[in-house]
Amino acid sequence: MKTLELAARVVHARVAHRHPLYLVHALTARCNARCGFCAWNPDFYDPRDQLTTEEILALHADAARAGFVGLSMWGGEPLLVRDFDRIVAHAHGLGMETHLVTNGFLLERHLHAVAAHVDRLCISVDHASPLHDELRRIPRLFDTIVRATHAVRARAPEKPIVYICTLQRANVDRASIEAMAELCASMRVLGVFNALREEAATVGDAGLSSYAAPDDELRAAFSQILELKRRGYPVLNSRTHLEMMSKGPPEYRCHWPKLMLPIEANGDVVDCMRWGTRPIGNVRRTSFAELLESPRLAALAGPEGEACHRCVSLHRVEVSEVWRGNLEPLWSWRQLARPPGPALA
């Protein structure tokens, strides 16, 4: 689906339904990586409490009936879900825009489903070398990602593929960032650069202090990425996000909860200001339609949620900026609708 067409559907659906329209669903809390900087606690709940395949299919169907236009599948590692191929085919068949976030190690096992039913593929890549294997603690991961990217591209030449680089001490230097931009250009994929993820609900440093880059180095990194974007490298971050991050933690009014509804693998509907501590409800105990009428969702979409701006990811910043009328990020998002161009010389 073209980016502007999707944006038009979102606006129309928001006016018609007045509730979130994009489901952000962690299919599983299980993961085959052991990233030290991961903000998610694999012991948050018992994996045996995760939604069954039939419950997942019902949830996605409920979302489609409620007017949701998109579904982002992540985790944990979503490709560990036994029935992933069935789940993504079902979601795509419901007419929702499907988005997969994966570490990429199992992509080759799911090539048909990904090529046929995933509208946007995002792969975590933190370094343009096998140093990425050390950061994610999966042997041979980098080479596997490169091979899988070529395989997906061969089956679906125009599919948007995004490499998501999490900036940290190990890769915030100028040489590493330039190498990532070169990798994206050579692989004909888009690059996203994010600071270490810290949700509004995070208490303390969540163990990230030993991984987080110093503030001055992070600002310099985003300034460099902005220059690489200006030079024509395939950077998906908008100028708005890059300029904000190059000056320090961004200040904005958050409108993300108006559009996005995050749900954990056990069916908890997430309160993004209390992530992991106090869910809004659970899809097993309350109907999806009732959950959408939750007063807490209304509060997050109102002044209380708007006053928060602790999250630094480009998704939170850019969605919020577009909502308030800054359309510059849309020009960057248009790259998702273009066929991949030739590698830079």
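Just after helix α14, Gly 325 takes a positive phi of about 110°. The model described here is predicted: local features require pLDDT of at least 70, side-chain atom pairs count only at pLDDT 80 or more, and totals for chains, interfaces and linings use all residues. Residues are numbered from 1 along each chain as its sequence is written, and side-chain values rest on heavy atoms, with hydrogens and water left out. Helices (H or I, at least four residues) and strands (E, at least two) are DSSP runs numbered from the N terminus.

Helix α14 covers residues 314-323, and eight of its ten residues are buried, so the helix is largely enclosed by the rest of the structure. Here buried means under 20% relative accessible area, exposed means over 50%, and partly exposed lies in between (1.4 Å probe, protein chains only). The buried residues are Leu 314, Arg 316, Val 317, Glu 318, Val 319, Ser 320, Glu 321 and Val 322. They pack against β6 (190-195), α9 (239-247), α10 (256-259), β7 (260-263) and α15 (328-333), where contact means heavy atoms within 4.5 Å. Arg 316 also has its charged end over the ring of Trp 256, 3.7 Å from the ring centre. A charge sits over a ring if NZ of Lys or CZ of Arg is within 6 Å of the ring centre and within 35 degrees of the ring normal.

**Salt bridges**

The structure holds 14 salt bridges, each defined as a side-chain nitrogen of Lys or Arg within 4 Å of a carboxyl oxygen of Asp or Glu. The table lists some of them.

| Pair | N to O distance |
|---|---|
| Arg 147 and Glu 108 | 2.8 Å |
| Arg 296 and Glu 304 | 3.1 Å |
| Glu 243 and Arg 230 | 3.9 Å |

Arg 147 and Glu 108 form a salt bridge that links distant parts of the chain, with Arg 147 in helix α6 (residues 141-155) and Glu 108 in the loop between β3 (97-102) and α4 (111-117), 39 residues apart. Arg 147 is partly exposed at 45% relative accessible area, and Glu 108 is partly exposed at 31%.

In the salt bridge of Glu 243 with Arg 230, the partners are 13 residues apart, Glu 243 in helix α9 and Arg 230 in helix α8 (residues 215-230). Glu 243 is partly exposed, with a relative accessible area of 32%, whereas Arg 230 counts as exposed at 53%.

Arg 296 is buried, at 14% relative accessible area, while its partner Glu 304 is partly exposed at 39%. Salt bridges with shared partners join Asp 271, Arg 274, Arg 296 and Glu 304 into one network.

**Aromatic pairs**

Two aromatic pairs are found in the whole structure. Rings of Phe, Tyr and Trp (its six-membered ring) pair if their centres lie within 6.5 Å; planes under 30 degrees apart count as stacked, over 60 as edge-to-face and the rest as tilted. The ring centres of Phe 37 and Tyr 211 are 6.1 Å apart and the planes stand at 70°, so this pair is edge-to-face. Phe 37 lies in the loop between β1 (22-26) and α2 (53-65) and Tyr 211 in the loop between β6 and α8, so the pair ties together parts 174 residues apart in sequence. Phe 37 is buried, with a relative accessible area of 7%, and Tyr 211 counts as partly exposed at 24%.
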